[in-house]
Amino acid sequence: MSGPGAGFEYPPVEVSWLKRDALLFANSIGCTPDELHFLYVIDFYAAQKAIKIPGVPEFDPRRAVDGQRLIQFLKPLPVTSEGRKFELRTKVLGVYDKGRPGTVVETQSELVDAATGEAYTRALGSGFYVGQGNWGGPKGPATENFPPPKGKTPDAEFSTQTTTQTPILYRLNGDYNPLHIHPEPGKKMGFGGVIIHGLYSWNWAAHGLLQHLGASDPANMKEFQARFASPVRPGDKLVASAWRTGERKGEWEEIRFVVKIDGGKIVLSNGRALMKVVGAAKSKFISAMSRSPQIGDRLSYDGAVCTVRYIGEVAGTSGSWLGVEWDDAARGKHDGSHKGARYFTCRSRSATPASFVRPTRPADVPVSFIAALQDKYAAELSETVAISFSGKVAEEVGFEKTRSKQAQLSELRYAVLDGTRIDRVYGYGDKKIEDTCAKVVELDLSRNLFMSVGPAVDICRELPRLRELRLNGNRFRDILEDEGLRHNDAKKSLQGVKELALEETLMSWEEIGHVAAHFETLSTLSASTNQLSSLPSIPLSSLTSTLTSLNLEFNNFTSIAQLNSLTALTALQQLHLKGNNIATIQASNSSPTSPSSTPVFSPNLQYLDISYNQILSWSFVDDLPICFPGLTSLRLAHNPIYDHSAGDPKTNPKTLTEEAYMFTIGRLTGLRTLNFGAVTAADRQDAEMYYLALIGKHLAAVPDTPEAAAEVLKQHRRYDELCKLYGAPAVNRKKEINPAFLEARLVNVEFIFHPHLPGDHNKGDGSVVERRTTRIPKSFDIYAVKGIAGKLFGLTPLSLRLIWETGEWDPVAGFDDEVGDSSGDEEDPEGEQEEDRNQQQQPGEKAGKFVKREVELHDGPRQLGFCVDGLEAKIRIELR
């Protein structure tokens, strides 16, 4: 050979093959059973390593057939085991002597990732050893039967024609028992020759059910089982019939089925599967399927999610209808009744959460978790649309970098999949979660199509870094029986989650507690907007020592006593009760002396939000330290108590909020934060002095008797404590005087004068104050009053300023910073608000406080009786 390239030798390539490769090659080119020397090259029995089971006879595996098989699909199996090590771990469940027919050996086999110990499938099977009984062993338990429904037409039927090639090809899956290729073993066992593998019929039936009822999506089958009733010979036609039972375990419906030889015996009996029934596949790829709705199904129409509550006819109309309850009650038209007839009941207490839709109306296609994740984040980068204003394209600074980072799902930390129509974990061909987004820390799965908590548990199982999970707005069913929570490793899968949100799920407190108890390290639980009106005692498991924050906002509580079961949460530090209807401490039907009427929470509970409720009485505020002995931070704004003055009914409405703020501080001695504003020492002193003065006014308004005073002081529990701090308040009782008497026309005026302190009376050397008291007719004008004052103190009248000291208190600037309410972020009720307030306060300024109100009596003809209130007045004299 000559010429360019001639003589060049390529590097050698290693070549290897297995016996199965040779058999597959022979099958692929058409070798038949008449050419067994091409197809049968494995000594099956020599290859089997028989392992004796202790305590029972040694059985001959050459005379063994399958009895019954059940398989549970725990996790999606990867398409290849390359790079990983899997093990089949099998244990014996029982060995039973069936007498002359033979012996049954029941086993459990789990396919396990050897590195992690995670099980992917679990198979329960029974091997029947023909003619090897009568050894004196136990008979075993009776087998549970699952017969098909009597008198009901099958919901699905399918068939297949076997050939002589069927067992030859199927054996390449690894079952090389000569019973399925050579006639001699079958003749010895009484089968008359070659029989097809029992697992061929079993797996064919499983695939047929998935194809005709589960849209060929493996995620729609959870469990499958059948009993091997009789053998199948090559050439037999198999016919399968399947029935939907309507019985459900969470989101899984039970299917019954049988497989027969066409016109002959039953091949597979006791057939049962747990499936999500979504219809038949239209192609070999998973495509958009028209659902066959069932009661309880979650559907989405144009992005609006609903739950099917009724399927059937509606009087006065033709055809069938779906009665649905919308998650957004505003979309509905009624409550499940139509023209006086009730068709279903809604979980929502809204007046119009329901409507009827036709079953033919196309629903939005549900998706898997992985598909939703990729569509939300990976697809956003390619689908970005330029933003323009008046035809000019705006430059997006930083957005491209953000989208590029989000598109790298392997680096994703925060995944928000709210309202993305997720109904399962995996779809056909999806990658594993742990290989896609294993670094997710916060996950929002709110308002999706889940029917059970199980899929959320499965997702969490593959997110080891997950710390926060939001499931708001989902409508789970049969929660107390949810198999996803019953799974052995459910708590292990959820142990890293610290924060859980179950808002707007319409779950009962028992259901919320059942779910939350599976999160063994949970510290924050949000269960707002769930129509809760009471909290019965339930097992709280580890929550009693781990839960520190509980949100029960916008429910239907009317008293604190309805929360009595929460006193078991000894670690609880924050309790959010905003937007309920709470008005009292005790329940309306309980006695105040009842032991359970006044709940006492753990001293660890320091923050309480009871804003936007129906609190009308200050006795409620007085009882708070009894219920919450550790209370230091309170949010009380937007209650009716803030709209009514507890003092003078003439109080200016503008001062009601400030007054209520002072009363609250004065009544609660341990309070350090109120309505997001820190309570300083000066604030407390002003509030307590103002509150004490108010008590004095209340005492002055009742008769001067011990009984009347005691009745007033019952409403002010801190009176004695405040008197020790600031002294008893002045109690000025007004005498009832006949207006016709001269006494009723005179004002008793006390003039106060600092003789050596012109100008500001608060500045000086502390000289002795001069006081004069006289009675002045109400009809005297201010000029006359100044004349009397000048005469009393020997001063020129027009050089004087008269200041009436009213004895009342007024708020001054600064209250907007302290008691201003915010309905926004409430994460840090103390720190952040205090920091903002301190930044606004200038050096030398005082924060908001109350000061005594004073009024200058200006020169003029106005009469004294119109300038001061009552028959007593204290007037300070200052020099101009």
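Eight bridges connect strand β31 (746–753) to strand β32 (residues 770–777) in the antiparallel sense; helices (H or I, at least four residues) and strands (E, at least two) are DSSP runs, numbered from the N terminus, and two strands are taken to pair if DSSP finds at least two bridges between them. Within this pairing, F751 has R772 of β32 as its bridge partner. Strand β31 also pairs with strand β35 (residues 872–879), here in the parallel sense and over six bridges, and N748 stands opposite E872 in β35. Strands of a sheet pair through backbone hydrogen bonds, either parallel or antiparallel. Six of the eight residues of β31 are buried, so the strand is largely enclosed by the rest of the structure; buried means under 20% relative accessible area, exposed over 50%, and partly exposed in between (1.4 Å probe, protein chains only).

The structure is a predicted model, in which local features need pLDDT of at least 70 and side-chain atom pairs count only at pLDDT 80 or more, whereas totals for chains, interfaces and linings use all residues. Residues are numbered from 1 along each chain as its sequence is written, and side-chain values use heavy atoms, with hydrogens and water left out. The mean pLDDT of the chain (the predictor's confidence in each residue, from 0 to 100) is 82, and 80% of the residues reach 70 or more. For residues 282–291, pLDDT remains under 50 and the model has 19 contacts beyond four places in sequence, a contact being heavy atoms within 4.5 Å. For residues 759–766, pLDDT is likewise under 50, with eight contacts beyond four places in sequence. Where pLDDT is low, the predicted coordinates should not be read in detail.

The chain contains 23 helices and 35 strands. Of its 880 residues, 45% count as buried. Among contacts between residues at least 6 apart in sequence, 72% join residues at least 24 apart.

An open sheet of nine strands is arranged in the order β2-β3-β4-β1-β6-β9-β8-β7-β5, with antiparallel pairing. Its edge strands are β2 (86–97) and β5 (156–161), each of which pairs on one side only. From one strand to the next, the twist averages 20°; axes are lines fitted to C-alpha atoms, for helices over the stretch in contact, and angles run from 0 to 180 degrees between N-to-C directions. Helix α6 (residues 198–213) packs on this sheet, touching β1 (64–73), β5, β6 (221–228), β7 (237–249), β8 (252–261) and β9 (266–275), and its direction makes about 140° with that of β6. Elsewhere in the sheet, eleven bridges join the antiparallel strands β3 (residues 102–113) and β4 (residues 119–130), with Q108 opposite L124 in β4.

The loop between α6 and β6 contains A215. This alanine has a phi near 55°, a positive value in a residue other than glycine, and counts as buried because its relative accessibility is 3%. A second case is L506, in the loop between β23 (499–501) and α13 (509–516). L506 has a positive phi of about 60° although it is not a glycine, and is buried, with a relative accessible area of 13%. Most residues other than glycine have a negative phi, and most peptide bonds are trans.

Just after α19, G727 takes a positive phi of about 85°.

In helix α17 (residues 681–700), D683 counts as buried because its relative accessibility is 6%. The side chains of D683 and T680 are joined by a polar contact of 2.9 Å, that is, a pair of N or O atoms within 3.5 Å; within protein, one must be able to donate a hydrogen and the other to accept it, and residues adjacent in sequence count only if both atoms are side-chain atoms. N732 and A700 are 32 residues apart in sequence and 5.6 Å apart in space, C-alpha to C-alpha.
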